[in-house]
Amino acid sequence: MLFSFFQEHGMQTSNNYKYRILVVEDDIANRQIVAEKLQEDYQLTLVDNKADAMDALLKQQFEIVLLDIGLPDGSGLDICREVKANHDVYGEINIVFMTGRDKPADEIEGIRLGANDYISKPINVSVLKARVDLQAQLIRKTELLANLARIDGLTEIPNRRAFDDYLEKSWSHARRISAPISLAMLDIDFFKQYNDIYGHPAGDECLKALANCLRNNIKRGADHIARYGGEEFAVILFDCDLQQANTILNELLADFANLCIPHAGSSVADFATFSCGVCTLFPEDQGTQALLTATDKLLYEAKSEGRNRVKGEYFHNIERQD
Ligand SMILES: Nc1nc2c(ncn2[C@@H]2O[C@H](COP(=O)(O)OP(=O)(O)OP(=O)(O)O)[C@@H](O)[C@H]2O)c(=O)[nH]1
């Protein structure tokens, strides 16, 4: 289940994914034997100097760099220093030095700069392959843990931590291309009474049912769903105006109602329902917090106006009312 979720969201947890390796080596014979040994299991980019290596690192994403130290136009140590000091630019990259400098002091310097491994020349390609495979395994495990930290354990949809990240990224993207985003907050109605009547495990099942509805209804790659906390869920609809958002969320409301989950403690229906606030805006200088506050206000209004409904508004209209 979780693996299919990761795949749906483009996360690289699959064992079939071939990691991208940048090989920086000026000796043509070494480059060739490394390429021959690794090309079946990895996506390789080969360069023979520092300038091309820096260019490739800026333009493409790599998971591993195999790095010679003595390059015609500079030192591999400088490349390592630059990459490790600027994760935001280059991403998380595992660096393996493969070099003729085999004195302990050289190795210590490489490791201190943040290198993940250090292989001395002459290269034994089988040892090199085993060590690169080990790096790949470590990266896979780290990715799996990072992905798990972003998933809600009960519903197996993204959690609040993932949501905060999605919202910032969606906001910046929408701002760049002048597109609207709609943020929705959903909250199950009279959920305290539901737990009191049917018990906490049944409450958990009800939360899972709503999460499934969200998974089935919100499928566009640029949209995001999350369990925001407790019985509250959030949806980010990217490049989506208020009318479209209202349509999508009312369909979701109907789909959840169609599950007919009995709710004797609700005074608005015989079955479980939710209330939803949705706010649409073209991101400018307002900031994501203002959008969250406005959406929360709409959710509160949906509750106070009778629950089991979607209450939507453009952000600028809410600002005017305040
Ligand atoms: N079963 C279960 N219940 C939870 C979970 N997280 C939060 N809750 C419950 O959700 C309920 C939320 O209750 P309230 O905030 O009073 O809201 P409500 O009863 O839904 O009332 P309205 O929102 O006004 O319709 C609380 O009783 C929490 O215990 C969970 O993971 N599982």
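These legends cover several close-up views of a predicted model. Residues are numbered from 1 along each chain as its sequence is written. Local features need pLDDT of at least 70 and side-chain atom pairs count only at pLDDT 80 or more, while totals for chains, interfaces and linings use all residues.

**View 1. Two domains of the protein chain.** Domain 1 covers 2-148 and domain 2 covers 160-321. These bounds come from an automatic or database domain assignment. Taken over C-alpha atoms, the two domain centres are 42 Å apart.

View 2. An unreviewed UniProt entry lists residues 20-136 as "domain: Response regulatory". The span is 48% helix and 24% strand. Helices (H or I, at least four residues) and strands (E, at least two) are DSSP runs, numbered from the N terminus. The end C-alpha atoms of the span lie 10 Å apart.

**View 3. Helix α7, residues 125-148.** Leu 128, Val 132 and Ala 136 are its buried residues (20 or more other C-beta atoms within 10 Å of their own, C-beta atoms being placed from the backbone). Their cover includes α2 (28-38), β3 (64-67), β6 (94-99) and β7 (117-120); contact here puts C-beta atoms within 7 Å.

**View 4. The shell around the ligand.** The ligand is surrounded by 17 residues, each with its C-beta atom, placed from the backbone, within 6 Å. Phe 191, Lys 192, Gly 203, Gly 230 and Glu 231 are the closest. β8 (181-188), α9 (191-198) and α10 (200-217) each give two or more residues.

Definitions and conventions: UniProt positions are given in the numbering used here, feature names are shortened, and annotations may be inferred rather than shown by experiment. A residue is buried if 20 or more other C-beta atoms lie within 10 Å of its own, exposed if 12 or fewer, and partly exposed in between; C-beta atoms are placed from the backbone. Two residues are in contact if their C-beta atoms, placed from the backbone, lie within 7 Å.
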